[in-house]
Amino acid sequence: LGANLLFGMASGIEVEAGSALNLTSVAPSSRGDKRDPYTEHDLSASIAYRFVDVYKIELGYNGMFRGFDDDERDDITDHGISLIGLYQLSPMLAVLVGGDYGTIDRKDPFVDSKQYKAYGGFEYDVTGQTTGRLKLGLVGRKFDSDTLDDPSDFYAEGVLESKYMERSSLT
């Protein structure tokens with residue numbers, strides 16, 4: 001169950017906020033597997049500013065709060081912020097560059113971590129109602145423990161958004 005609101009203003013400012021509630025958990029994967037049911041809340045917010053008709057800057061926040069019913073030690077909290085700059089090459093195509101920073105907090109005995117992403121990509125207006133965004137770059141994670149390696153790897157993300165009516169959309 002979720003909702004997302006977007007307000008666009010003539011001044012070039014866009015404000016978006018959303019929330020989703022998940023009351024299900026992952027089904028058992030093998031015989032004898034007893035999964036701990038959980039409740040998950042996802043929150044998102046962003047503010048964007050478009051100026052001179054070719055530039056746009058976006059600042060976003062995403063948060064995930066997962067609470068397990070039987071064992072609080074499994075609870076997870078995830079916070080992330082992102083900053084993206086876009087340059088409009090044509091009415092349908094924009095290039096983007098950006099980065100994300102996130103924290104993943106878990107209760108003992110699990111290890112907390114920080115995640116970093118740097119990427120470039122593009123945004124393409126497929127039709128007047130459908131927009132696609134592709135990000136390619138690097139992602140790295142830094143654990144709060146010296147016993148774990150800090151991995152880094154290639155990063156790719158794609159999002160397709162369709163607006164069926166002037167005031168609604170599906171992502």
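Mentor: Start with burial. Buried means under 20% relative accessible area, exposed means over 50%, and partly exposed lies in between, with a 1.4 Å probe and protein chains only. D144, for instance, is partly exposed, at a relative accessible area of 47%.

Trainee: What kind of model is this, and how are residues numbered?

Mentor: The model is predicted: local features need pLDDT of at least 70, side-chain atom pairs count only at pLDDT 80 or more, and totals for chains, interfaces and linings use all residues. Residues are numbered from 1 along each chain as its sequence is written, and side-chain values use heavy atoms, with hydrogens and water left out.

Trainee: How many helices and strands does the protein have?

Mentor: Helices (H or I, at least four residues) and strands (E, at least two) are DSSP runs, numbered from the N terminus. Here there are zero helices and ten strands.

Trainee: What share of the residues is buried?

Mentor: Of the 171 residues in the protein, 23% are buried.

Trainee: How many salt bridges are there?

Mentor: A salt bridge puts a side-chain nitrogen of Lys or Arg within 4 Å of a carboxyl oxygen of Asp or Glu. The count by this rule is seven salt bridges.

Trainee: Which residue forms a salt bridge with E14?

Mentor: K56 does, with the closest N and O atoms 3.3 Å apart. The pair links distant parts of the chain: E14 is in strand β2 (residues 13-22) and K56 in strand β4 (residues 55-68), 42 residues apart. E14 is partly exposed, at 25% relative accessible area. K56 is buried, at 10%.

Trainee: Where does D144 lie, and where does K114 lie?

Mentor: First the bridge: the side chains of D144 and K114 meet at 3.6 Å, N to O. D144 lies in the loop between β8 (130-143) and β9 (152-165), and K114 in strand β7 (residues 113-125), so this pair ties together parts 30 residues apart in sequence. K114 counts as partly exposed, at 26% relative accessibility.

Trainee: Are R133 and E123 buried or exposed?

Mentor: Both R133 and E123 are buried. Their side chains form a salt bridge at 2.6 Å, N to O. R133 lies in strand β8 and E123 in strand β7, so the bridge ties together parts ten residues apart in sequence.

Trainee: Which residues are linked in a network of salt bridges?

Mentor: E14, K56, E58, E123 and R133 are.

Trainee: What about contacts across the sequence?

Mentor: Contact means heavy atoms within 4.5 Å. Among contacts between residues at least 6 apart in sequence, 42% join residues at least 24 apart.
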